Amino acid sequence: MRYLMTTKPSDTAPDEKLYAEMGRFIEELTAAGVLLATGGLEPGGVRVTSAGDEITVTDGPFAEAKEAVAGFALIEVRSQEEAIELARRFRRIVGDGESVVQQVFGP
Amino acid sequence: MIVGVLPDVHRTVDAAWKLESAKIVASLTRMVRDVGLAEELAQDALVAALEQWPVSGIPDNPGAWLTTTAKRRALDHLRRAQRLERKQEQLAHELGQRQDRERGADARAEDEPHDVLRLVFLSCHPVLPTEARAALTLRLLGGLTAEEIARAFLVTVTVITQRVAAAKRTLAEEGVPFELPDGDHLAERLSSVLEVVYLIFNEGYSATSGDDLMRPGLCLEALRLGRLLAELAPGEPEVHGLVALMEIQASRAAARTGPSGEPVPLHEQNRGRWDQLLIRRGFTAMLRAREAGGAPGPYMLQAAIAVCHAQARSAEDTDWSQIAALYEALARVLPTPVVRLNRAVAVGKAHGPRAGLDLTDALLADPVLRDYHLLPSVRGDLLAALDRFDEARVEFRRAASLTRNAAERAFLERRADELGAAAPAGPVLGEAAEEFLGRDDLDPATRRSYGQTLRRLRRALGDQQPLASLTADQVTRVFTTAWGEAAPATWNRHRAAARSFGAWASLDDLTAGLDRRTETRPRARPLDPAQLDALWSLPDLPLREETLWRLLYESGAGVTAVLSLNVEDLDLEDRRARAATSTDGPSRARPRTRLRASWRSGTARLLPALLAGRTRGPVFLSDRRPGPARTPEAADLCPDTGRRRLSYERAEYLFKQATRPLDPARAGYTLRRLKQDPRDC
């Protein structure tokens, strides 16, 4: 089963220690064959909306930046509980904030 | 503590356990030096979690909790073991030291990956049978329960439990160390590990029933094991080769079955449904394999073939000559029939169906592929490409009759149907065989015997094979493949059946290539009543000989078994003997079979005189004591007289000598002919 974990931006700026711990965590999950892909996302981005025939393209930044996604990890695990356990470890490293874990269907 | 809506605590424990168990069991094995014990101690921690977490709540770091608890159990165990061994005074001192040592070892985080690698090598050790390696690896490295493993391998839980227990016992008995293999053994040990991982993958990959997710789940387990190995042994090209192979094969999982579960062949798959993420991971693994260097091994070559397919945007774009070349290289390092069959497919695509078909011809005589449905299926494809539709149809129908998978059978039948109706070519093999066996004048035993022969011919040649095109060469090939190694009597029985069928079907030349084989050991024909009467009337029969012959005749037991009887085995009152398996070690004359024999008045009259009060040792003794150069087994010596057990050779010689005057051929009879056909008794 694949799960996508998305993380919302936090107020605290990452420090050296967090980078080091994150690096180790990512390495460990890659080695365990669990982490398929991961990355950070640029803040804001470009918004494309459609309404009827009309398609609107808007450049950021946007007011509700808190609700955007700052990073993601695509993991392959046996169960939702495993995904949650990994998300738990991730949150312990990054500190206060919020992540969302969703099962991925397909391809 | 974590608050909020949580799934079942047990499922959380299980998830944390599965993620951590390999590391926990590995480091505990290093501590206690016994993988079976290590796993028990680790299981104790799991049980503790299942008891405590529902009450105390799930700890902040479940994985760390399990690890700490398990290590504490292991330390407790070591202390207990030491306490038993040593005096109390010494203990305090040494325990402290030992604990320091253990803590020091614990602190060495860099040891952990090596422990896991050691555990992989241990659970895939060649002293274990392959299925045991797979079960133990899933148990120890994947943290799977016996129930989960049993479901995945479609066996009962008991089977898995016993398999795992036996494997642990073997590892302990053989004293397999918890070490990485040294340079000399590395290649062999590594290939044993890779074999297990690929076996687990294929168990999952070849499962087509979607009822239970556990079987496809095996693919994930194998992928995880492979990816883990790639990090633990980054310098091994074959590890990356296997990972590349599995990633790319797994990338096709969604595309390889149709809506109703039927298999979709590679060249018909919707490539849009291939998982590009896994393909890219496969390519990356392949690059790492190349970087590691060395001559490409079987996994790398198979992965390279998979890469060729994955790179083709459409089936038509496939670089078949490259694939054919890779298969040729693969057939050199891994010349299995299946690889050779795949090579024929690739050559057929690259250099034309004629070339492919020629390669499959050589495979027809391979006993391994005798009932393998893909051989006729491939031949059907190649024949169809050569516009030889009638032959192709026969091959597809034969393939359909050989596969056990219903979806695949339907697919193959459809391939046959698509080739149009058969031109009227007269009677076909299947129907002719039914008609032949359905005749009234065959007795049931003959029908059963002929049925075996014809069933083999039908499976090998196809029910739709027109009788008119049946050749002696084909029949010879089937016979050689199926019964070439069989006993002459078996060969001759099938040959007779084929000849009878050929004569019935007016195909007299069908068995032209089959020679009758000499039956080296014909069944002994029991002596008839007249011969027996003559035997018992012989004058001056020695007591031992007459007793032996009577016993053989009346009990119907085998000669070796009767000669192996000891006095202790006899029950004179009830006129029976029961010989248990020899406990005196291996002995030539005492078979390891249990003998139960009973006799009648003739023997009963003679036995007491023969035994003459002896209470132990062989019943039938030789006349002389063994010479000084011969030292028979103790079990073959009479403890009272020092004489040895009568040998088969000697007993046979004496019987032949005695019966020579009775035998019209003047050769004398063999002892086996005293054994009466049970139907006559």
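This is a predicted model: local features need pLDDT of at least 70, side-chain atom pairs count only at pLDDT 80 or more; totals for chains, interfaces and linings use all residues.
**Entry 1. Chain A, overview**

I began with chain A. I listed its elements and found two helices and six strands. Read from the N terminus, they run β-α-β-β-β-β-α-β. I then looked up the extent of the C-alpha trace. Along its principal axes, chain A spans about 45 × 35 × 20 Å.

Next I checked burial. Chain A has 107 residues, and 36% of them are buried. Its accessible surface comes to about 6500 Å². Carbon and sulfur atoms hold 57% of that surface. I also looked at contacts in chain A with a separation of 6 or more. Residues 24 or more positions apart account for 77% of these.

**Entry 2. Strand E5 of chain A**

How many residues of strand E5 of chain A are buried? I counted five of the six in this strand, which covers residues 71-76. E5(A) is therefore largely enclosed by the rest of the structure.

I looked up its partners. Strand E1 of chain A, residues 2-7, pairs with E5(A) in the antiparallel sense over six bridges. In E5(A), A:Gly71 has A:Thr7 opposite. Strand E2 of chain A, residues 35-40, also runs antiparallel to E5(A), and five bridges join the two. Here A:Ala37 stands opposite A:Leu74 of E5(A).

**Entry 3. Helix H24 of chain B**

I moved to chain B. Helix H24 covers residues 529-536, and I noted B:Gln531, B:Leu532, B:Leu535 and B:Trp536 as buried. I looked down the helix axis. The buried residues of H24(B) fall within an arc of 130°, so they line one face of the helix.

What covers them? The cover includes helix H25 (543-555) and helix H28 (648-659) of chain B. I came back to B:Trp536 for its ring. B:Arg550 lies over the face of B:Trp536, at 3.9 Å from the ring centre. I noted a second case of this kind. B:Arg517 lies over the face of B:Trp491, at 3.7 Å from the ring centre.

**Entry 4. Aromatic pairs**

I noted how such pairs are described. Two aromatic rings are described by the distance of their centres and the angle of their planes. I counted twelve aromatic pairs over all chains. One of them joins B:Tyr198 and B:Phe201: the centres are 6.2 Å apart and the planes are at 10°, so this pair is stacked. The cut-off I needed is that planes under 30 degrees apart count as stacked.

Where do B:Tyr198 and B:Phe201 sit? Both are in helix H9 (residues 183-205) of chain B, three residues apart, or about one helical turn. An α-helix has 3.6 residues a turn, so residues three or four places apart point the same way. B:Tyr198 is buried at 13% relative accessible area. B:Phe201 is buried too, at 0%.

The next pair I looked up was B:Trp549 and B:Phe655. Their ring centres are 4.9 Å apart and their planes are at 70°, so the pair is edge-to-face. This pair links distant parts of the chain: B:Trp549 is in helix H25 and B:Phe655 is in helix H28, 106 residues apart. B:Trp549 is buried, with a relative accessible area of 1%. For B:Phe655 I noted 0%, again buried.

I also found a cluster. Ring pairs link B:Tyr198, B:Phe201, B:Tyr205 and B:Tyr299.

**Entry 5. B:Thr67**

Is B:Thr67 buried or exposed? Its relative accessibility is 18%, so it counts as buried; the cut-off is under 20%. B:Thr67 belongs to helix H3 (residues 62-85) of chain B. I left aside its neighbours within four places in sequence. B:Thr67 is then in contact with B:Glu20 and B:Ile24.

**Entry 6. Positive phi in two loops**

Last, I looked up backbone angles. Most residues other than glycine have a negative phi. B:Arg33 has a positive value, near 60°. I found B:Arg33 in the loop between helix H1 (9-32) and helix H2 (35-56) of chain B. B:Arg33 is exposed, at 51% relative accessibility.

B:Asp387 also has a positive phi, near 65°. B:Asp387 lies in the loop between helix H17 (374-385) and helix H18 (389-402) of chain B. At 54% relative accessibility, B:Asp387 counts as exposed.

Technical notes. Residues are numbered from 1 along each chain as its sequence is written. Chains are lettered from A and ligands numbered from 1 in the order in which they are written. Side-chain values use heavy atoms; hydrogens and water are left out. Buried means under 20% relative accessible area, exposed over 50%, partly exposed in between (1.4 Å probe, protein chains only). Helices (H or I, at least four residues) and strands (E, at least two) are DSSP runs, numbered from the N terminus. The arc is that of the directions from the helix axis to the C-beta atoms. Contact means heavy atoms within 4.5 Å. Rings of Phe, Tyr and Trp (its six-membered ring) pair if their centres lie within 6.5 Å; planes under 30 degrees apart count as stacked, over 60 as edge-to-face and the rest as tilted. A charge sits over a ring if NZ of Lys or CZ of Arg is within 6 Å of the ring centre and within 35 degrees of the ring normal. Accessible areas come from the Shrake-Rupley method with a 1.4 Å probe; for residues, only the protein chains shown count as cover. Two strands pair if DSSP finds at least two bridges between them.
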